[in-house]
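Here are my notes for your first look through this one. Keep the viewer open and go point by point.

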Amino acid sequence: MAYAYENGHVVFEDVSVAAREDELTAIVGPSGVGKSTLLRILGGFIRPMRGEVRLMGKRVTRPIPEIALIHQSIVTFPWLSALENVKLALKARKVSGDEADAVAKKMLSLVGLQGTENLYPKEMSGGMRQRVAIARALAAEPIVLLMDEPFSHLDEFTAEELRQDIYGMIFNSEIPLRSAILVSHNLYEVVSLADRVYVLNGYPAKVVGEIEVGLERPRDPTSAEFNDYLHKLREYLTPVKSELA
Amino acid sequence: MNAYLLALLATLATTGRVLGLILLSVVTGWFLGYAAIKSRVFENAYIASIEVLESVPVISFFPVVLIFFINDVGGGLGVELAADFLVFTAVVWNIWVGIYQALKTIPNEMLEVTKNFEMSFLQKLRYAYIPFSVPRIAANLFPSLADGFFYITVSEVLSVGTTSYSTFGIGTVIDRFSSQGDFFMVYVSLIFIGAAVVLTVLGMREFSKYAVAKYALDTNQPIRKGRGFRISSLMSKNPFQKLSFYSLTSKARTTPRRKGFLERPEEEEKQNRLSKIVPAAVGFLLLALLIYGAVSLVIGVSPSLWSQLLSMTPYFLYSMLVDYARVGVITLVSLALAITVGYYLAVHARAEASMVPLIQSLSAFPAPTYFPVLFALTVSLVRGFLGPYTVEFYVLLVGFMSTFYYIFYSFWMGIRAMPQEYWDVMDNLNMGFFQKMRHVLLPATFPYIIAGISSTVNSAWGGLMIGEYWPDIYKGYTLTVRVGLMKLMDVYTAEGQIALVSWASLLFGIVVVVYSIFFTRKMMDLARKKYVAEEGVYAARRDRLGESLIVSRGRKPFVGEGEK
């Protein structure tokens, strides 16, 4: 795929990424390489200049509930309670009444928010709000989950807590999710969570590396192997001179 | 004088009057806004006065003011001042409030720089306050322009008692051509004023773009965690919405400022004292004048006149009720149209690009100038369909034309200010139109809708004032309703019954203020507590989201293979 702005500035080109079943795929790269843009293209929110997105062989041309996006800026609806926020996804699936309540409660419980159904976003911490957003996304029964730096606006303690929980939340036998893609510039986060990492770099950006992270879970950030992966990623991310320069 | 030249000069005079008064509003707004942020006493008086004055339709107190200017000032100057006063009161409030808000929310860091360099009052205005207020002024220009043109054309020709007064402008010239039966020149004049409106709107659009590009801070301003608001959420017209945010925005300014060891506390203290005393004195003076005016009015009315006024009161109230029903119909129709058209435009970028300038031009094209022509062309057809309801239809139509754009602008701005992430979620969940409306769009734009309804209601009164009693609208036909407070005020003004006009005006003012306190403010409180879309987005929006806003709502960033 390739993507360019209206003024002709090519952000990235010849980029190909694959999200495999039961894998959490990470996309990393320095600022400005188009990581978030790429994620939005994968979700059908933006069209690429060249190339296409396919989900299980079918072309994706617009946003669909099967590919759910979790934003960096945590999105909840302040006039809806936590339960109603999650039920919003079920309305689109035409699930209503008691069944909707039950599913929404189950999703909230899955993300660790049991007992908070009647709280409004204003009454919740940032971490809790992001959990509501994740529960809402999962309630739509997506096949792929896209996460755009989902922890970057949380304080470090909350982010760490959520990082530890997220894998269990999304790869869970109770939901049909098959794959997840995470955009991040936090290498520690990427090595902690990802099964596979695509590294974008250069101007225009290209995939300069694809690393399979073969560490056992739970991962130990103090281990030598963990640091080896960090080192490898840092090497790929050393500044690349622009082709225009 | 050549008729074409006359129409052209009149167009220029009218346009110049509107633009000049907008400029006057801006300049006075800077000084008053600065005084307000420096003195708590003045600030309270200033904001409360604006709140009340904007809540009361200009038209309700105009007859009294008109009589004052014409009787007490007199001559050409009196008529000119009366017309200017009406237009000034139509354009000024939202500009003043917009400037005040800008000055109130100027970042502390920016103020610290001005202190650091020991800038004088004028330097502070020039380098910090004025530039910072420019985008907000730009945002408030369109409603002001539309209102200004609407009222200027009716206020150039005024009647009190049997005497008609006029000041040079397109309203007067059209009136003259019309009474001479020269309808060709009426059409030419309409084209002239139409062209002037379009050019002005286009110029203002360019100015707005320039203002935002040059003077706006980061438009994707980070939202403070917890109870924080994006500045764009304050950009609508109605003061209730804006005022509801003041307490919150002012919190941002209460951060204690560290005193540097090189500061000169005594001098600063003296300056502060002065900057507080002067505006407070102005505030008290204004208050004293208001009280004096009210007291002298009460004393000046004889007991027998009081008894007549009181006996008329039930009928006035009944007439007001009928007018409220009219205003209700106008508001509902405007709301329905605004929501459907506003939504359509927000999701169809191409239609938006062409329709918004068109709506801006149409709304600024003064209805009173072309309405008689529209009436003449359609009256027989409408009468065929509506029979006895024809008059009611036209009155409602004038009201609608005078006001629909407020609620349209408000809703459209609300839709545009809605976080992009909400559009993503709606797309992602494949929500249908009604689901979007019910669960996201209407709640997210609720504060804007309430602000729009409030302005629409206020402005609808102006439309009714014109429509309910329109003598000689076309070939001797007088458009008039049977019952209506605005009609009564029109008729009493024409008959020169000052006491009756003043009393009706006062009753009307009281009801409007009570309505605004018990309805509009309550709704705004609800909107502030529950329906602030920006609160739903916890973290900062980055620049890249600005990009995606442009892209995913149809503004294509490139023409590539994917688009073909």
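1. Let's start in chain B. Helix α11(B), residues 303-347, packs with helix α15(B), residues 404-417, at an angle of about 40°, and their axes are 8 Å apart. Helices here are DSSP runs of H or I with at least four residues, strands are runs of E with at least two, and both are numbered from the N terminus. The axes are lines fitted to C-alpha atoms, for helices over the stretch in contact, and angles run from 0 to 180 degrees between N-to-C directions.

2. Before going on, a word on what you're looking at. This is a predicted model, in which local features need pLDDT of at least 70 and side-chain atom pairs count only at pLDDT 80 or more, while totals for chains, interfaces and linings use all residues. Residues are numbered from 1 along each chain as its sequence is written, and chains are lettered from A and ligands numbered from 1 in the order in which they are written.

3. Back to our helix pair. α11(B) and α15(B) are oblique to each other (angles under 35 degrees count as roughly parallel, over 145 as roughly antiparallel, 65 to 115 as roughly perpendicular and the rest as oblique). Their crossing is right-handed, meaning that the near helix is turned clockwise from the far one by less than a right angle.

4. Who meets whom? From α11(B), the residues in contact include B:Leu335, B:Ile339 and B:Tyr343, and from α15(B) they include B:Phe408, B:Phe411 and B:Trp412. "Contact" means C-beta atoms, placed from the backbone, within 7 Å. By class, this contact has 14 nonpolar, two polar and one charged residues. Ala, Val, Leu, Ile, Met, Phe, Trp, Tyr, Cys and Pro count as nonpolar, Asp, Glu, Lys and Arg as charged, and the others, Gly among them, as polar.

5. Still in chain B, take a look at α16(B), residues 420-428. Eight of its nine residues are buried, so this helix is largely enclosed by the rest of the structure. A residue is buried if 20 or more other C-beta atoms lie within 10 Å of its own, exposed if 12 or fewer, and partly exposed in between, with C-beta atoms placed from the backbone. B:Trp423 and B:Met426 are among the buried ones. Just after α16(B), B:Asn430 takes a positive phi of about 55°.

6. Now over to chain A for an open sheet of six strands, in the order β6-β7-β8-β3-β9-β10, with mixed pairing. β6 and β10 stand at the edges with a single partner strand each, so one side of each is left without a neighbour in the sheet. Two strands pair if DSSP finds at least two bridges between them. Six bridges join β9(A) to β10(A), and these two run antiparallel. One to find is A:Asn201, whose bridge partner in β10(A) is A:Lys206.

7. Helix α7(A), residues 224-236, lies across β3, β9 and β10 of chain A, running at about 170° to β10(A).

8. Two cis peptide bonds are worth a zoom. One joins A:Tyr203 and A:Pro204, with omega about -10°, and A:Pro204 is in the loop between β9 and β10. Another joins A:Arg217 and A:Pro218, again with omega about -10°; A:Pro218 sits in the loop between β10 and α7.

9. Finally, which phi value does A:Asp22 have? Near 60°, a positive value in a residue other than glycine. A:Asp22 lies in the loop between β2 and β3 of chain A, and with 10 C-beta neighbours inside 10 Å it counts as exposed.

How values were computed
Two residues are in contact if their C-beta atoms, placed from the backbone, lie within 7 Å.
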